[in-house]
Amino acid sequence: MMDAGGYAAWAAAVTSAATLVVTTVVGGRREKRQWAREALTDAFVAFLAASWQHSDLAKVSATPPDISSAEAMDGQYGEMRNQLTRLRLLSPPDVVRAGETLLRLQRRVKDAGSASERAEALSAASTGRHDMVSAAQKAMGLRRPWGAPPRGRSASTAPGLPEPQQPSDSARTRADEFS
């Protein structure tokens, strides 16, 4: 027959085994979530970087683009397509739709036949990028979308303060010129 010490040893062993199992399961889930979040962040960043590069190439190329400019834009467009595939695997439908829309808008930038069409297409692509960032932020729970009021507050800001806004593409380009 087992004495109290034996029962205590068995209880400690069972508790230790249960703790090990729970820690392994919870830790594995945490690592999987962390990997998915990092992969998703990498895909967002690469997708948006390719979009920026595509637009930047379009801004400096002729209309219609010469062969080297067209090839460079095609390379960035291809990168966007590759990253969109990753986003399809890791993102909710709203993010995928925003990415697909931005991809189509970038194609319009390259295919624009005149300077005015290109300017319109670049503006639409800028809006598409902003929509993509907002969808990505929402999906990842990072922060509220640009211009959205904080939870529990109205859309107005404190008196005398401007409304928060994401910088436009033209503001980003001007800032890049000074850096």
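Trainee: Leaving aside its neighbours within four places in sequence, which residues is A50 in contact with?

Mentor: This is a predicted model, in which local features need pLDDT of at least 70 and side-chain atom pairs count only at pLDDT 80 or more, while totals for chains, interfaces and linings use all residues. Residues are numbered from 1 along each chain as its sequence is written, and side-chain values use heavy atoms, with hydrogens and water left out. Contact means heavy atoms within 4.5 Å, and once the neighbours within four places in sequence are set aside, the residues in contact with A50 are Q76, E79 and M80.

Trainee: Is A50 buried or exposed?

Mentor: A50 has its place in helix α1, where helices are DSSP runs of H or I with at least four residues, strands are runs of E with at least two, and both are numbered from the N terminus. Buried means under 20% relative accessible area, exposed over 50%, and partly exposed in between, with a 1.4 Å probe and protein chains only. Because its relative accessible area is 2%, A50 counts as buried.

Trainee: How many helices does the protein chain have?

Mentor: Read along the sequence, the pattern of the protein chain is α-α-α-α-α. The chain has zero strands, and its number of helices is five.

Trainee: What does α3 reach from its first C-alpha to its last?

Mentor: The buried residues of α3 include V95, A98, L102 and V109. The expected span of a helix is 1.5 Å times one less than its number of residues. For α3, which has 19 residues, 27 Å is expected, and the helix comes close to this with a reach of 27 Å.

Trainee: Over the ring of which residue does the charged end of R129 sit?

Mentor: A charge sits over a ring if NZ of Lys or CZ of Arg is within 6 Å of the ring centre and within 35 degrees of the ring normal. R107 lies over the face of Y77, at 4.1 Å from the ring centre. The charged end of R129 is 4.1 Å from the centre of its ring, which belongs to W52.
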